[in-house]
Amino acid sequence: MKILRQSAQNRAVHWGVAISIFGLIFTGILQMPVAKRYFLTEVPGLKWSGDFIFSLNLHYFFAATLIFFAVFHAVFHSMRSQFDIFPRRGDGINSYRVIKAMISGGEEPASGKYLPEQRLAYVAIALTIFVLIASGLVKTYKNILGLDISNDLYYWAATVHNIGMVMIILLIIAHLLAFVPKTNRNLLPSMFSGKIDEEYAKERHSLWDYKKEQK
């Protein structure tokens, strides 16, 4: 029997954020610029990558999309007081125990709807996205609105933005590597269909009252 783990709204936000971030990374790299230098413009369908203004506007489009999904996510769950994904006391040590159990084949500590390392990963990604949005807005205000900000502020905003890009890439890699262990792969279907196997939920997420959510 399958049970609902991720609602259609959660899945829409997840993929909206994911597509926006991948679009931002790609168009952000094009700002360096590297398209003509590495013959990316010669690839069929990517001739536009050498157009700085076009790729910059596309970057702004993905930024606006990311901000929309981020704000919607925060407001939606705040209004419903849904904070299951927020870190809790003991998540650090419990994450270590879960990872150790996955490697050794031992018993994992009881978990709720989300594993402790998932909650820690969530806050790391959320904070990085916040930093990217905040630093990006400073750069945008300077570029589009022509606000008179100091060169030092712009320099630090650009530096923080670049560091944030590296951080989000590393977090994405870590996020994808989390599905290498076989036991974690059972969670993958929930980001597509929204559902996971009930027996798996009972065994690995024993503290999750999923029946209450199904109502």
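**Entry 1**

I started with L177, which sits in helix α5 (residues 151-177). This is a predicted model, so I keep that in mind throughout. Is L177 buried or exposed? I get a relative accessible area of 52% for L177, and the cut-off for exposed is over 50%, so L177 counts as exposed. I then looked up what L177 belongs to on the surface: a nonpolar patch that also takes in I163, V166, M167, L170, I173 and V180. Together the patch residues have about 640 Å² of accessible area.

**Entry 2: helix α3**

Next I checked the length of α3, residues 91-104. With 14 residues at 1.5 Å a residue, I expect a span of 20 Å, and the end C-alpha atoms are 19 Å apart, so the two agree. Which residues of α3 are buried? I noted D91, S95, V98 and A101. These four cover an arc of only 130° around the axis, so they lie on the same side of α3. On the other side of the helix I found I103 and S104 exposed.

**Entry 3: H205**

Last, I went to H205, in the loop between α6 (198-204) and α7 (210-214). Its relative accessible area is 1%, so H205 is buried. What does H205 touch? Leaving out residues up to four places away in sequence, I listed R5, L187 and Y200, plus the run S111, G112, K113, Y114 and L115.

Terms used
Residues numbered from 1 in each chain as written. Predicted model: local features only at pLDDT ≥ 70, side-chain atom pairs only at ≥ 80, totals over all residues. Heavy atoms only, no water. Helix = DSSP H or I, 4+ residues; strand = E, 2+ residues; numbered from the N terminus. Buried < 20%, exposed > 50% of the residue type's maximum accessible area, 1.4 Å probe, protein only. Contact = heavy atoms within 4.5 Å. Expected span 1.5 Å × (residues − 1). Arc of directions from axis to C-beta. Patch = residues over 30% accessible without salt bridge, like charges linked within 9 Å, V, L, I, M, F, W, Y side chains within 5 Å. Areas by Shrake-Rupley, 256 points an atom, 1.4 Å probe, with all protein chains shown as cover. Salt bridge = Lys/Arg side-chain N within 4 Å of Asp/Glu carboxyl O.
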